[in-house]
Amino acid sequence: MPLSSFRRADRFPRARILSLAALASPALLASTPAAAVDLDAGDYDPAKPGTTLALVYLQHAERDEWRIDDEKLPGDNRLNSDVTIVRVVHYVDIGGVTVAPQVLVPVAGLRGRGDRATLGKASGLGDIILAAPIWLVNKPESNTYFGITPYLYLPTGDYKSSRTLNVGEDRWKLNLQAAGSVRIAPRVALDAGADITVYGKTGNDYAGGQMSQKVGYQVQSSLRYFLSSAVDLRAGISHADFGKWTQASIISAATTQTKFWVGSAIKPFGPTQLILTYGRDLDVNNGFKEANRINVRLLYAF
């Protein structure tokens with residue numbers, strides 16, 4: 001779709017639209033694995049020290065709207081993504097405090113569809129993430145937990161300035177999350193968390209020129225209803241502001257996203273757990289809006 005076909009073009013300067021199409025916008029960065037840190041309900045229920053967890057995440061997402069300044073841009077603007085993440089966690093006791101060093105290795109594929117097919121496609125290794133939750137409150141007798149987690153994103157992901165879509169972000173990032181869970185009724189648990197993300201600058205060869213970004217944040221919460229010790233139903237909601245960004249002396253508004261999800265977790269046998277959730281965006285500004293998102297997580301403890 002040519003730029004001349006955008007309605008009210010005076011509100012969307014050519015330089016800004018081209019920057020968005022070149023992935024300068026966090027809207028598309030957010031569609032890669034290295035977005036704000038989403039929580040699965042129960043993530044802050046720690047295992048005993050000495051336990052190791054092996055996890056595999058699978059996500060398929062379909063986006064069918066592109067929104068700028070609270071307006072839906074015309075045309076068939078679609079972007080699909082498929083993400084796989086392998087995560088290994090080991091719980092240790094340090095001076096009576098439970099800590100869980102871990103590594104997350106994402107592999108992703110992105111593809112523009114419809115009028116956004118011109119964005120092309122990309123696939124490969126994403127930005128590897130190192131993390132280490134620290135539990136400040138750990139009371140299994142009352143099912144009350146609270147911790148903080150630093151997440152360090154390494155610029156290891158596949159990136160080429162000649163491509164419009166990229167899996168890697170070409171920058172370092174540090175996310176600091178505080179979250180916990182509490183049993184508010186015998187069969188009901190409340191999980192809640194908040195995090196901030198500090199972004200490093202991209203390299204000078206970043207598409208459209210070096211980019212810097214203000215601090216982003218996310219708040220999220222979910223409820224779990226336990227049908228039994230092996231099955232729960234869950235639902236959650238989150239809001240994120242990815243921070244204003246500057247590129248080529250142009251300051252652009254932050255991408256914001258409000259989304260929800262519903263699903264279930266089951267323990268089919270022994271030390272395994274399977275989580276399946278469905279979600280979609282309720283509201284997005286300055287980015288692509290997700291119409292459907294399916295998440296699957298498989299955990300094995302040993």
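Before reading any pairing, I noted the rule: two strands pair if DSSP finds at least two bridges between them. Helices (H or I, at least four residues) and strands (E, at least two) are DSSP runs, numbered from the N terminus. I kept in mind that this is a predicted model, in which local features need pLDDT of at least 70 and side-chain atom pairs count only at pLDDT 80 or more, while totals for chains, interfaces and linings use all residues. Residues are numbered from 1 along each chain as its sequence is written, and side-chain values use heavy atoms, with hydrogens and water left out.

Q247 stands opposite I250 in β17. Both strands belong to an open sheet of 3 strands, ordered β13-β16-β17 with antiparallel pairing. Its edge strands, β13 (211-213) and β17 (250-252), each pair on one side only.

Which strand does a hairpin of 4 residues join to β15? I found β14 there. Strand β14 (residues 216-226) and β15 (residues 231-241) run antiparallel, joined by 10 bridges. L223 has A235 in β15 as its bridge partner. I then traced β15 to β18 (residues 256-266), also antiparallel, with 11 bridges. Here L233 stands opposite S264 in β18.

I checked V56, which sits in strand β1.
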